[in-house]
Amino acid sequence: MSTILSTKFSRRSFLRTSSLASGGMLIGFNFFTACKDTVKMPIDISKLNYNDFNAFIKISDEGMVTIFSPNPEIGQGVKTSMPMIIAEELDVPWENVNVVQGVLDTQNYVRQVAGGSQSIRFGWDALRQTGATARQMLVNAAAAKWGVDASECSAKQGFITNAKGESLGYGDVANEAAILEGERAAKIAALAEGEEAPEETIALKDPKEYTLIGTDVGNVDIDKIITGKPLFGLDYKAEGMVYASVLRPPAFGQVLESFDDTDARAVSGVIDVVKIGEKAIKLMGKEQVDWSVRLALSEKVVVIAENTWAAIKGKKALKAQWSDGTPLESTEAHDKILVDLLDGKDFTNLRKDGDVKTAFKQADKIVEQTYESPFLPHNCMEPMNFYANVTDSKIHLVGPVQTPASAASTVAALLGRDEKDIRLEMTRMGGGFGRRLYGDFVYEAAEISDKIRKPVKMVSTREDDMTTGVYRPAIKYRIAASIKDGELTGYHLKEAAVGSNMYGLIPNFFPAGAIENYQVDVAKYDSNITTGAWRAPYTNFLSFAEQSFIDELAEVLGKDPVQMRLDMLEKVKGSTDDRIQYSAERLQDVLKLAVEKSGYRKPKEGVFQGICAYYCHNTHVAEVADVVMEGNQPVVKRITVAVDCGIVVNPLGAKNQIEGGAIDGMGHSMYGDFAFEKGMPTSNNYDSYRLIRMNETPIVETHFVKNTISPTGLGEPALPPAGAAVAIAIKKATGNRIYKQPFATNMAAKPILG
Amino acid sequence: MRFAGAFVFNGTFLPLYGIVFIKLTNPTLKKMPTYNLKINGSSQSIEAAEDTPLLWALRDQLNMVGTKFGCGIGQCGACTVHIDGNAARSCQLQISQLDGKEITTIEGLSDDGSHPVQEAWKAIDVPQCGYCQAGQIMTASAFLDKNPNPSKQEIRNAMHGNICRCASYNRIENAVAMAAEKKIA
C-alpha cells in the first residue's frame, strides 16, 4: 500500500531538456507518460480527463528554480503543493523556488484541468520522478566535471558534493547537465529500429527523508493577496481594453425577441450596443460541441463601455422583449415531477447486489425515508469574467477558467479559427466550485471581441452569475432498508434528479459492498435549467441522505451508530469487487480517530454530537459535529474532522481545505436555498440568498491519519460528511430528524429533550 | 460619520460595526465631471459620472484593483475600504460624495504588507482562493483601530459582514486575534 520508492521508465517519452540562451537549463516533462500506474478514474465528470498534463522546470545559472505550475489554481492550493513535490525530490531550498502559473499550451501541456480533487493524486508519482530525474542529471553533470563516478556524489539543498568533500551548486552545472542530456537523447534517437532505449532506475526518496513534504508551506501568492496586487481575472487589463456587460434571458427557456437600446446609448461612457449569440446557436448544430455552449442559448444584448460601471448602467437601461422558446419551469412543478419519478418504475440501474426484492419480501420491518435538496448556485466570490482580443491573426484570451483547453478549442470552433492562433492565459481564480468548468463566459467574451474587433473584458454582475448560472441539480433520494431478525438485510436507494444523475463509481461508495442485498437506481427529468458539477458533485447531498439514514437505522435497530458502521465495514474487507475502491480499514480508522479526538464517548454537558464517515474523491473522512442549544435554536459549535488522504504534502494548505470544506458543507446544508418560478430564480444576490458567515461558523479541528500511502486530494472530500454530521447532532439535540435541505428552514427547532 | 447598526437578514441579526452607508442618488446622464479624491495620502483627479461608485473608479480608472467587486449591493464586504478610518463599502459610495474624505485602500494600508493585520494574515496563511481577503483585511484593520483589545465574540461580530466563499473563517478569526495581540505587544 505504501507509496513507490523507485521507478523504471524511459526518459525519451517523458523528459525533454534544453540549455537556455540566457544560461541554465529547461526541463519539459510529461506527467501522463510518466505515470506508470494506470489507475482508473474514480469518477468521470463528463469528458474530463485529469491524468495527462505537462509542465516545465527552469534552473538558472544562479541555481534559482522556476517551476511552471500547469494546473489552474482555484483556491485548492495546487500552485503551492504541486511544485513542493518537485522541489522535495530535486532537493532544493524552497526559498530558491519561484512558482509561475503556466499558460494553456496545447502543444506542450495537455488537458490542464482543476476538478475532481485529482491534481495531487495523479501528479504525485510524475512530479516526484521529474524532480528526482532532474536531480540525477545535475549529479551526473557534476560528476563528469570532477571526473568521478556519479555514484560517489550526492545532492542536497541545491548543492552536489563528492567523496572529497568538494561541492558545486546546481546553477554551476545546469548548462552542462542540459548538454549531457542532449547528447544522451541524440544517442537514443540514433538507435536502430526495434532497439529499445535502456530503462533507468532512479531512486525516489523514502518519505522518512522528506524535508519539505509534510512541512507547513504558505500560499505562494500570499504577498500579492494581502497587498491587493493584480492577480485575478477581473484584475487583468490591456491597452485599449473596453468593458462589456451582457444581457441574457431573465428566465430559463426564454429567447430574445427584440430590444431598444436608446436609453442605454445615452449613458455616459457607453460606446456601443451589439447583439451576440448567433455564432453559439449555429455551433450547436455541429457535432462534438462542448456542452457548455448550450448555456443561455439565445441571442444576447451586449453593452460596450469605457468602464465597468457604465457597462452595467447601460445594461440596466436596455429594454428587451423576450419570448418563451421552451416552457418556463418552477420548483413547485419539479417537486411533483421528482416525487412521481421516485414513485414510478422508469429507472436506470447503477448497481445491484443480491436480491433486494426478496429481502424486502422477507423483512420483519422496512424503513423508508425521502431526502430532498434544492438547486444551488456556485457563488464564486469573483463573478464570471474573461478577457478576449480577437484580431485577424491571433486570439488572446485571459482569465479564470477551470478547463482552459476545452475553452480554447470551443472558441476556435465558435469563430471558425485555427486553435494554433489562440493563446490562453490563466489567472488565479476567485473560487471555482465547479462553475468555472463551464466556459460559457469565455465564448461570450470571444464572440464580443470578434464582433467589435477590440480587446474586451466581459464582466458579469452578481445578479448575472446567480440567475444565469449552472446549478447543482435539485435531487430527491428515497432510501429503503429491510430488517430481518434485528439485522439489516437489504438497501435500496433511488435517485430522482433534475438535469443529470450520479455517475462513475459513486453508486459503489460506502455502504455499497457492506450489505448483501443492495441496489442503486436513478431517474432524471430533463429541464431547460442548466445543471452541472458543484463542489463534490452528487456526494455533497448524497452523503447527508445516506449517513442520516444509517444513523436512523442504528436507532431503529437499537445499535450504536459507530459500532454499526464498523461492523458494516468489516463485511467489506477482502472484497474482490474492483468497483469498491474505498478501503474498509481506512474508513474504520478515520471513524475511530474522530471518536477519539472529538470525545464522542463522553460529550460535555449540553453538547450533542453527530458522527458519520464518508469516502469520496479517493479520500476517507469522518466528521463529528458538536451542537448546543441556545434558546430553542441548535447551534453548531465545533466540527472534528479525521482524514486519511495518505501522505499530507502541505499540512498548512491541507487543513485550510478541510476547514473550508467542512464549513462550506455545513453552510450550504443549513442555509443554501434556491428555487425557480416561471423559469426565473427567486433570489439574485446576497440580500435574498444566504451564505454562511462568521457568526454561524463552528471551529473545525482537523486530525490526519499518519501513513506513507500515496496522497489523494482534499478540495472536496471534507464537504460531503459535514451536512450529515450536523443533521445527526441536531436530531440528538432536538429529537427531530431532518430530511430536507436547507436545514434552517426545514427543522423543527424546539427541543423535545429535557 | 461612524455608523454602528444592524439589519436583519433571513431572520438573522447581522451587526455592522464601523461601516458607512451613503444612499445612492439618482443617476444622471450628464457629461463627465472631474473629482479630486484623496486616496492613500495623495490627491487623485478623476473624470467620471457623478454616480460612479468608488469601487469602479478605483478599479477601472485609477488601476487600483486590490479592492474587489463581489455583489455590488454592500452585502459581501469584498470592496471594503476606509473612509476617514472607518470601514466602508466602496460599491455603495459615489465619488461625488467623497470630497475632503481620507480614503484608504488595501494598496495604502502599508507600503510593503507590514501592517500587523497583513502580517497576521500571512503568518496564519489565511487565504484559499484569496479573492475576498483584501476586504476582510480592511474590515479587520478598521475594527482593531477602534477596538484594539477585542473579545472573541467582538471579532466574530465585526467580521460577520464579510463573506468568504471558501469559508476560511476560522483563520480569519485567528488572524484578527493575532493582529490584536501583536499591536498590544
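Reader: How many residues does the contact take from chain A and from chain B?

Author: Happy to start there, keeping in mind that this is a predicted model. Two residues count as in contact if their C-beta atoms, placed from the backbone, lie within 7 Å. By that rule, chain A gives 54 residues and chain B gives 54 residues.

Reader: Which element provides the largest share of the side of chain A that touches chain B?

Author: The elements of chain A that give two or more residues to this side are α5 (222-227), α8 (308-316), α17 (651-671) and β30 (699-704). With seven residues, the largest share comes from α17(A).

Reader: What is the make-up by class of the side of chain A that touches chain B?

Author: Each residue on this side is sorted as nonpolar, polar or charged.

Reader: How many residues does the contact inside chain B take from domain 1 and from domain 2?

Author: Chain B is split into domain 1 (5-109) and domain 2 (116-184). On the domain 1 side, the elements that give two or more residues are β2 (12-16), β5 (80-83), β6 (86-89) and α2 (106-109) of chain B. In total, the contact takes 22 residues from domain 1 of chain B and 19 residues from domain 2 of chain B.

Conventions:
Residues are numbered from 1 along each chain as its sequence is written. Chains are lettered from A and ligands numbered from 1 in the order in which they are written. This is a predicted model: local features need pLDDT of at least 70, side-chain atom pairs count only at pLDDT 80 or more; totals for chains, interfaces and linings use all residues. Helices (H or I, at least four residues) and strands (E, at least two) are DSSP runs, numbered from the N terminus. Ala, Val, Leu, Ile, Met, Phe, Trp, Tyr, Cys and Pro count as nonpolar, Asp, Glu, Lys and Arg as charged, and the others, Gly among them, as polar. Domain bounds come from an automatic or database domain assignment.
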